[in-house]
Amino acid sequence: MTGHAVGVIAATLLASGVEFVEALTIVLAMGTTRGWRSTWFGVGAALVALAAITAVAGYALERWLPEALLQLVVGTLLLIFGLQWLRKAILRAAGLKALHDEEETYREEVAAAERAGDERRLGLDWFAFVVSFKGVFLEGLEIVFIVITFGVNGGSIPLAVIGAALGGVVVLGAGLALHRPLARVPENTIKFAVGLLLSTFGTFWSVEGLGWFGPGDSSLHWPGGDAAILVLLALWATLAWAAVRLLSVQPREREAA
Amino acid sequence: MRFVAGFFRFWWDFIVGDDWRIAAGVVLVLAIGGVLVADGDLSHALVAALTGVGLMAVAMASIVSAALRARR
């Protein structure tokens, strides 16, 4: 297996794993508080909507855009997306932003579910249906975005799907076994790693896509070809590490804040 | 109208997130890279390296400015 293939699987596995953890928290809160029937209907409806979007967007992107323009568009989106993750992960690691707490989110969702009324539509508990649909759809959309981007750009949709599916199996398996939110997952560390991978591949592809502005519309080539991906990853990792070191809040400073 | 506004807000939040400067900076650097490629005076390898450095500078500027805001 090439380094490129490993990168695609690792990025989609880690990114989808984090999103699955967040979706699982919402689904568990709705299922245990409001009942599982309407919650599962919400999850099922979201999965159908996601499958439709994936099929249409993947087909349209691959069919209608020239390769260089495709790299430019999805590389740019991936880079912006990845830098948002990396920025938040650096600020959290430096103690400048609160860590994401799945147990706190779970408690908030349960409290909201208990306060909500008993509106019924189509024979379903509408609150449980809508909340689980929105939770799975929004978190799933991020997974779809990453799978399509890596799949189409890396020419390996099956590898990207395998990575995402592995992430889902691991998280959902653990969630079903424990029947509680996965609070011990080192979420910020995973988001840090995913932010680095998304920023690396986003930089690589968006810059390759700049060839679309040149004569012949062919992709621009990095010095060193695909090996530039490893150099970019090393540079992003070094910059991120330096940023955490330089921006870290000292314990005394943190107490005073 | 509310649906259209909600639709755009959703995609804005999804893609741009809570710091629009990252998105603006990335687009600006890539636009400059595109102009350099179209111009054709510099080698593609040099444009790639310069654009990569520019993108990293945008990211670091955004992170440092967010850190300074958080410390205030």
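Of the 72 residues of chain B, 31% count as buried. Keep in mind that this is a predicted model.

How confident is the predictor? The model scores ipTM 0.90 and pTM 0.78. Chain B has an average pLDDT of 86. In that chain, 97% of the residues score at least 70.

Now the build of chain B. It has 3 helices and 0 strands. Read from the N terminus, the order is α-α-α. Is this chain a compact globule, or more spread out? Compare two numbers. The radius of gyration of chain B is 16 Å. The globule rule gives 11 Å for 72 residues. The chain's value is well over that, so chain B is more spread out than a compact globule. Along the principal axes, its C-alpha atoms fill a box of roughly 45 × 40 × 10 Å.

Next, the contact between the chains. On chain B, 30 residues are in contact with 30 residues of chain A. Which helices of chain B supply that side? Helix H1 (2-15), helix H2 (20-39) and helix H3 (44-71) each give at least two residues. The largest share comes from H3(B), with 16 residues. What classes of residue make up this side of chain B? Count 21 nonpolar, 8 polar and 1 charged.

On to the core. In soluble globular proteins, nonpolar side chains tend to be buried together. Here, the largest nonpolar core has 91 residues. Which of them touch the most other members? They are Ala11(A), Val194(A), Leu210(A) and Val26(B). Look at Ala11(A) on your screen. Set aside its neighbours within four places in sequence. Ala11(A) is then in contact with Phe150(A), Gly163(A), Val194(A), Leu197(A), Leu198(A) and Phe201(A).

You will find it in helix H2 (residues 36-64) of chain A. Why does Gly44(A) count as partly exposed? Count the neighbours. Gly44(A) has 14 C-beta neighbours inside 10 Å. Buried takes 20 or more, and exposed means 12 or fewer. The count of 14 therefore makes Gly44(A) partly exposed. Now find Leu232(A). Gly44(A) and Leu232(A) are 188 residues apart in sequence. In space, they are 39 Å apart, C-alpha to C-alpha.

That's my tour. Questions are welcome.

Key. Residues are numbered from 1 along each chain as its sequence is written. Chains are lettered from A and ligands numbered from 1 in the order in which they are written. This is a predicted model: local features need pLDDT of at least 70, side-chain atom pairs count only at pLDDT 80 or more; totals for chains, interfaces and linings use all residues. Two residues are in contact if their C-beta atoms, placed from the backbone, lie within 7 Å. Helices (H or I, at least four residues) and strands (E, at least two) are DSSP runs, numbered from the N terminus. Ala, Val, Leu, Ile, Met, Phe, Trp, Tyr, Cys and Pro count as nonpolar, Asp, Glu, Lys and Arg as charged, and the others, Gly among them, as polar. The radius of gyration is taken over C-alpha atoms; the globule rule is 2.2 Å times the number of residues to the power 0.38. pLDDT is the predictor's confidence in each residue, from 0 to 100. A nonpolar core is a set of buried Ala, Val, Leu, Ile, Met, Phe, Trp, Tyr and Cys residues joined through C-beta atoms within 7 Å.
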